[in-house]
Amino acid sequence: MEKIKTNFKDLYIIKSDNHEDSRGYLREIYKKNLFKNQFIFDYYSFSKKNVLRGMHFQISDQQDKLITVIKGHIKDFCIDLRKNSKTFLKTFKLNLSAKNGMSLLIPKGFAHGFLALNKENIVLYKNSRYRKSTKEMGINIFDKDLGLRLKKKDYIVSDKDKKNLDLKTFLKKYKSL
């Protein structure tokens with residue numbers, strides 16, 4: 001298991017090998033000694049192809065997240081909303097899949113989302129804080145200011161995500177995370 005730096009402070013790619021044989025494979029996802037983050041809460045999502053989720057965060061009680069694809073393939077997105085960061089308002093994209101053995105460690109202060117690319121996609125989230133629905137917010141994933149350059153398709157987006165703030169409104173109201 002390897003922790004790979006990115007150009008974003010505290011945002012890491014975690015690379016693990018899939019140990020394969022005729023039965024399938026085994027992959028390590030988390031080793032406590034590799035992370036300073038203390039994860040206390042796990043959940044997973046199932047998404048069909050072309051499901052678009054995001055960009056999610058908690059306005060307070062923010063979470064560090066470790067994102068791992070258990071089945072399928074996603075294009076993962078996050079944006080740095082930390083005011084004093086050198087990468088404030090910059091986006092990061094990475095393909096994560098069950099096959100490529102990569103996970104993404106996202107620190108507090110980022111909004112997160114993804115596009116499901118396979119017929120069936122299962123994504124595991126390890127979190128440093130509990131989910132609080134009253135603190136959940138989002139930035140509209142289609143906002144051009146995010147720079148995600150999503151190709152026009154018939155995406156499947158929740159009604160909740162369709163109502164997310166645009167980036168300018170978030171910045172005007174909250175300034176940063």
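# Close-up views of rings, sheets and a buried serine

**View 1. A cluster of aromatic rings.** In this predicted model, Phe 41, Tyr 43, Tyr 125 and Tyr 130 are joined into a cluster by pairs between their rings. When the whole structure is searched for such pairs, eleven aromatic pairs are found, and the next view turns to two of them that involve Phe 8.

**View 2. Phe 8 and its two ring partners.** The ring centres of Phe 8 and Phe 92 lie 5.6 Å apart and the ring planes meet at 80 degrees, so this pair is classed as edge-to-face. Because Phe 8 belongs to the loop between strand 1 (2–5) and strand 2 (12–15), while Phe 92 belongs to strand 9 (residues 91–97), the pair ties together parts of the chain that are 84 residues apart in sequence. Phe 8 counts as buried because its relative accessibility is 9%, and Phe 92, with a relative accessibility of 13%, counts as buried too. The ring of Phe 8 also pairs with that of Phe 110, and here the centres are 6.1 Å apart and the planes stand at 55 degrees, so the pair is described as tilted. This second pair again links distant parts of the chain, since Phe 8 is in the loop between strand 1 and strand 2 and Phe 110 is in strand 11 (residues 110–116), 102 residues apart. Phe 110 has a relative accessibility of 6% and therefore counts as buried.

**View 3. Lysines placed over tyrosine rings.** Lys 3 lies over the face of Tyr 12, at 4.6 Å from the centre of the ring. In another such arrangement, the charged end of Lys 126 sits over the ring of Tyr 30, at 5.1 Å from its centre.

View 4. Strands of a sheet pair through backbone hydrogen bonds, and the pairing can be either parallel or antiparallel. In this open sheet, the five strands follow the order 9-8-11-6-13 and their pairing is antiparallel. Strand 9 and strand 13 (136–138) are found at the edges, and each has a single partner strand, so one side of each is left without a neighbour in the sheet. Within this sheet, neighbouring strands are turned against each other by 30 degrees on average, if direction is ignored. Three bridges connect strand 6 (residues 52–58) with strand 11 in the antiparallel sense, and Arg 53 has Phe 114 in strand 11 as its bridge partner.

View 5. Strand 1 and strand 2 run antiparallel and are joined by four bridges, and Glu 2 stands opposite Lys 15 in strand 2.

**View 6. The surroundings of Ser 47.** Ser 47 is a residue of strand 5, and it counts as buried because its relative accessibility is 1%. The side chain of Ser 47 makes a polar contact with the side chain of Arg 53, at 2.8 Å. If neighbours within four places in sequence are left aside, the residues in contact with Ser 47 are Arg 53, Phe 114, Ala 116, Lys 119, Glu 120 and Asn 121.

Conventions: Residues are numbered from 1 along each chain as its sequence is written. This is a predicted model: local features need pLDDT of at least 70, side-chain atom pairs count only at pLDDT 80 or more; totals for chains, interfaces and linings use all residues. Side-chain values use heavy atoms; hydrogens and water are left out. Rings of Phe, Tyr and Trp (its six-membered ring) pair if their centres lie within 6.5 Å; planes under 30 degrees apart count as stacked, over 60 as edge-to-face and the rest as tilted. Helices (H or I, at least four residues) and strands (E, at least two) are DSSP runs, numbered from the N terminus. Buried means under 20% relative accessible area, exposed over 50%, partly exposed in between (1.4 Å probe, protein chains only). A charge sits over a ring if NZ of Lys or CZ of Arg is within 6 Å of the ring centre and within 35 degrees of the ring normal. Two strands pair if DSSP finds at least two bridges between them. Axes are lines fitted to C-alpha atoms, for helices over the stretch in contact, and angles run from 0 to 180 degrees between N-to-C directions. A polar contact is a pair of N or O atoms within 3.5 Å; within protein, one must be able to donate a hydrogen and the other to accept it, and residues adjacent in sequence count only if both atoms are side-chain atoms. Contact means heavy atoms within 4.5 Å.
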